[in-house]
Amino acid sequence: MSFNNDVFDVVRLIPKGRVTAYGAIAKYLGDARASRRIGWALNKSFKITPSVPAHRVVNRLGMLSGALHFPPEMSMAEKLENEGIVIKDGQVVEFKILFWDPMTEL
DNA sequence: TTGTTGACGCTCA
DNA sequence: CTGAGCGCCAACA
C-alpha cells in the first residue's frame with residue numbers, strides 16, 4: 001500500500017533534531033483527515049527497513065503521545081534528547097521552532 | 001459482516 | 001482551564 005510508504009518517506013525526510021506532526025504529514029499527503037492512520041502506519045514502521053525515525057513525529061501540540069508504543073529500551077524522549085531536542089514533561093520544548101512542516105520545507 | 005479501536009484534531013460547554 | 005464528544009477511516013476480532 002502506498003499510503004504507508006508515503007508516510008515513511010516523509011518521516012525519513014525529517015531533519016535530525018527537528019520534529020513534525022501527524023496532521024502535517026496527513027495534510028502533505030493530501031488527506032488532512034488521515035492523521036489517525038499516520039499512527040497506524042508508524043506502528044508498522046518498527047518492523048520495516050530501512051527504519052523510520054518515528055520518534056520525530058508527535059501530535060499537533062508537540063506532545064509525545066505515542067511514547068507508550070516505543071520499545072522500553074529506548075524511549076521516544078530519549079531518542080529525541082539524543083538528537084538535541086529538549087523534552088519537558090512529555091512534550092517538546094520550543095516545538096514551535098523545531099517544527100518541520102513538509103508543506104513548506106519540502 | 002458488524003462493531004470496536006485508535007501514535008489525531010477540532011469544537012463546544 | 002478541563003473534560004466530553006465527534007468526524008474520519010483502516011485494521012482487527
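Close-up 1. Asp-9 is partly exposed, at a relative accessible area of 40% (buried is under 20%, exposed over 50% and partly exposed in between, with a 1.4 Å probe and protein chains only). Arg-12 is also partly exposed, at 30%. Their side chains form a salt bridge, 3.5 Å from N to O (a side-chain nitrogen of Lys or Arg within 4 Å of a carboxyl oxygen of Asp or Glu). Both residues sit in helix α1, residues 2-13, three residues apart, or about one turn of the helix. Helices (H or I, at least four residues) and strands (E, at least two) are DSSP runs, numbered from the N terminus.

The model is predicted: local features need pLDDT of at least 70, side-chain atom pairs count only at pLDDT 80 or more, and totals for chains, interfaces and linings use all residues. Residues are numbered from 1 along each chain as its sequence is written, and side-chain values use heavy atoms, without hydrogens and water.

**Close-up 2. A network around Asp-31.** Salt bridges link Asp-31, Arg-33 and Arg-37 in a network. Arg-37 meets Asp-31 at 2.9 Å, N to O. Arg-37 is partly exposed, with a relative accessible area of 40%. Asp-31 is partly exposed too, at 22%.

**Close-up 3. Arg-56 with Glu-83.** The two side chains meet in a salt bridge of 2.8 Å, N to O. This pair links distant parts of the chain, 27 residues apart. Arg-56 lies in the loop between α3 (35-44) and β2 (57-58). Glu-83 lies in the loop between α4 (76-82) and β3 (87-88). Both residues are buried.

**Whole structure.** A search of the whole structure finds four salt bridges.

Methods. Chains are lettered from A and ligands numbered from 1 in the order in which they are written.
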